Each structure stands twice: as structure tokens, then as C-alpha cells.
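Here is a short report for a first look. Keep the sequence and the 3D view at hand while reading.

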Amino acid sequence: MKNKSMNNVNQLLLLLLFFVVTVVSQGHAPFSIVKEKVTHLHFFYQERLTGDNPTAVLVAQPKDTRVNPSNLLPFGAAYVLEAPLTEGQDPNSKVVGKAQGLAVSADQDTTVAVFMVDYGFTSGEFSGSSFSVMSRNPILETDRELAIVGGRGKFRMARGFATLHTNYMNITSGFFTVEYHVVLFHYE
């Protein structure tokens with residue numbers, strides 16, 4: 001009799017273990033069943049640091065440091081960004097979204113900002129969706145790359161990269177146009 005009850009306990013424990021393993025392994029099931037998508041995007045980021053309606057505003061700077069055209073991003077400076085994303089290089093071309101976030105100077109030797117920015121789309125197929133960047137951005141280099149670390153809407157669970165090419169830069173006026181080619185891996 002004792003042997004039979006031990007056998008039932010073992011069967012019950014085995015069934016419980018099977019149940020726990022099944023539940024735990026299904027934690028990521030919705031995304032492993034759905035096929036991953038790859039999306040390529042192309043747009044232009046338009047930034048103005050000066051004028052009546054700047055798209056980047058200095059919110060913090062190191063003590064005893066001046067921000068000026070020859071030193072727009074001293075180490076420790078932090079900017080809040082809200083810049084339009086356009087279809088074309090011309091700043092007056094159709095706006096397809098906006099970039100919103102922070103840029104913080106994080107290099108004592110060169111002009112490097114760490115970008116924590118959400119790129120949200122307001123028109124077209126991806127309206128209401130966005131992807132997020134958390135990456136080092138050596139802004140004075142003509143060509144560079146940013147890491148994509150997340151997304152929402154149609155870009156849910158996005159990861160990928162954006163290659164950037166500065167098409168226009170005028171340090172004196174504080175106006176920049178940067179071309180983005182983006183590759184996103186995501187689930188919709």
C-alpha cells in the first residue's frame with residue numbers, strides 16, 4: 001500500500017513539474033509563434049538650436065561653462081529634443097513624425113552625445129508607432145550609427161540600427177539636417 005501511494009505522489013509531482021515547465025516556457029510564446037518582421041525606413045531629422053522655435057533646448061550645463069557656437073555641446077550639457085522628421089531633405093517637406101527625447105554630452109575629449117530619443121510617426125503606414133534609440137552619437141562625424149533598443153505600436157519589441165548621414169550642418173546658425181536609414185526587426 002505504501003508503495004502505491006508513493007507512486008501516486010511521484011506521478012502527481014511529475015504532473016506538477018510538467019505543468020510548471022509548460023507555463024514558464026510559454027512566457028514568450030506569443031512572440032515566438034508570430035514571425036519577426038524587418039522594416040526599412042528613410043527620413044530626415046531637422047534640428048534648429050537657435051531662433052524663435054528651436055527644436056533642442058539646453059536644460060542643464062556644467063557650472064562655469066558657456067554654450068556658444070564654438071562649443072555647442074560641452075561635457076555634461078543636456079538638451080531636450082523635439083525635432084520634426086520629414087520625407088525629404090528640405091526642412092519644408094512633408095512632416096512624417098517627430099523625434100522627442102534627451103541628448104547629453106558624454107565625452108570630455110570629443111563632441112559626443114548620448115541619445116535617448118523616441119522617433120514617433122504621425123502619418124502614413126506607421127502613424128502612431130515609434131522606435132526608441134539609446135545610443136552614443138558622435139554628432140560631428142558625417143556618417144555614424146545608432147542602436148535601436150525598443151518600440152511600440154507596429155514596432156513592438158523593435159531592435160535594430162539607424163545609419164545617419166549629416167547632409168547639412170551650419171554650426172553658426174545651429175541648423176542641422178541628418179538623413180536616417182533605419183533597419184528594424186520587430187513584431188507587429
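The sections below cover the model, its strands, its salt bridges and a surface patch.

## The model

This is a predicted model: local features need pLDDT of at least 70, side-chain atom pairs count only at pLDDT 80 or more, and totals for chains, interfaces and linings use all residues. Residues are numbered from 1 along each chain as its sequence is written, and side-chain values use heavy atoms, with hydrogens and water left out.

## Strand pairing

Strands (E, at least two residues) and helices (H or I, at least four) are DSSP runs, numbered from the N terminus. Two strands pair if DSSP finds at least two bridges between them.

Strand β3 pairs with β1 through two bridges, and the two run antiparallel. Here Phe 44 stands opposite Thr 86 of β3. Strand β2 (residues 56–60) also pairs with β3, antiparallel, over four bridges. Ala 56 faces Leu 81 in β3. Strands β3 and β4 are joined by nine bridges and run antiparallel. Tyr 79 stands opposite Ala 103 in β4.

## Salt bridges

Side chains of opposite charge can pair when their charged atoms come close. A salt bridge here is a side-chain nitrogen of Lys or Arg within 4 Å of a carboxyl oxygen of Asp or Glu. By this rule there are two salt bridges.

Arg 159 forms one with Glu 36, with the closest N and O atoms 2.4 Å apart. Arg 159 lies in strand β8 (residues 156–170) and Glu 36 in the loop between α2 (29–33) and β1 (37–48), so the pair ties together parts that are 123 residues apart in sequence. Glu 82 and Lys 98 also meet in a salt bridge (3.5 Å, N to O). Glu 82 is in strand β3 (residues 78–86) and Lys 98 in strand β4, so this pair links parts 16 residues apart in sequence.

How exposed are these side chains? Buried means under 20% relative accessible area, exposed over 50%, and partly exposed in between (1.4 Å probe, protein chains only). Arg 159 is partly exposed at 41%, and Glu 36 is partly exposed at 30%. Glu 82 counts as partly exposed at 41%, as does Lys 98 at 33%.

## A nonpolar patch

Val 57, Val 59, Val 80 and Leu 102 form a nonpolar patch on the surface. Together they have about 300 Å² of accessible area, computed by the Shrake-Rupley method with a 1.4 Å probe, where for residues only the protein chains shown count as cover. Patches are made of residues with over 30% relative accessible area and no salt bridge; like charges are joined within 9 Å, and nonpolar side chains (Val, Leu, Ile, Met, Phe, Trp, Tyr) within 5 Å.

Leu 102 lies in strand β4 (residues 95–105). Leu 102 counts as partly exposed because its relative accessibility is 35%.
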